[in-house]
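Have a look at the sequence and the 3D view, then read on.

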Amino acid sequence: MCIVTVNYSKSVLAACQLMECVVMSAAAPETLMRALELLNYLAAIDDDGELTELGSMMAEFPLDPQLAKMVIASCDNSCSNEILSIVSMLSGE
């Protein structure tokens, strides 16, 4: 599981503050900052680190944040079938 997904899940669940969370093997602060920057870039969190409305919709998908946003954006661009095929191939393990 990538660090962005872990951070995103923590934001959604509001289980703890990202920088104060106790985990078995803590990620480097630089990694956490890059993850937060990505979530902010995707508009999943605002500048204060709070979950946005789009972020709440993205949280409904069991996907990495980038893929969740891609699925949501596909509705506006009338290409949902194609994007769902691509996402299903990318998210398979």
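## A residue at the surface

This is a predicted model. Start with isoleucine 86: its relative accessible area is 37%. Buried would need under 20% and exposed over 50%, so a residue in between counts as partly exposed, and that is the label isoleucine 86 gets.

You'll find isoleucine 86 in helix 5. Together with Met89 and Leu90, Ile86 makes up a nonpolar patch on the surface, and the three share about 330 Å² of accessible area.

## Into the core

Now head inside. The largest nonpolar core is built from 13 residues, and Met58, Leu63, Val71 and Val87 have the most contacts within it. Helix 4 gives the largest share, with four residues.

Helix 2 runs for 13 residues and spans 18 Å from its first C-alpha to its last, close to the 18 Å expected at 1.5 Å a residue.

Which residues of helix 2 are buried? They are Leu32, Ala35, Leu36 and Leu39. Looking down the axis of helix 2, you'd see these buried residues fall within an arc of 95°, so they line one face of the helix. Here's the general idea: an α-helix has 3.6 residues a turn, so residues three or four places apart point the same way.

Turned away from the buried side of helix 2 is a face with the exposed residues Glu30, Arg34, Glu37 and Tyr41. Just past the end of helix 2, alanine 43 adopts a positive phi of about 70°.

Technical notes
Residues are numbered from 1 along each chain as its sequence is written. This is a predicted model: local features need pLDDT of at least 70, side-chain atom pairs count only at pLDDT 80 or more; totals for chains, interfaces and linings use all residues. Side-chain values use heavy atoms; hydrogens and water are left out. A nonpolar core is a set of buried Ala, Val, Leu, Ile, Met, Phe, Trp, Tyr and Cys residues joined through side-chain atoms within 4.5 Å. Buried means under 20% relative accessible area, exposed over 50%, partly exposed in between (1.4 Å probe, protein chains only). Helices (H or I, at least four residues) and strands (E, at least two) are DSSP runs, numbered from the N terminus. The expected span of a helix is 1.5 Å times one less than its number of residues. The arc is that of the directions from the helix axis to the C-beta atoms. Patches are made of residues with over 30% relative accessible area and no salt bridge: like charges are joined within 9 Å, nonpolar side chains (Val, Leu, Ile, Met, Phe, Trp, Tyr) within 5 Å. Accessible areas come from the Shrake-Rupley method with a 1.4 Å probe; for residues, only the protein chains shown count as cover. A salt bridge is a side-chain nitrogen of Lys or Arg within 4 Å of a carboxyl oxygen of Asp or Glu.
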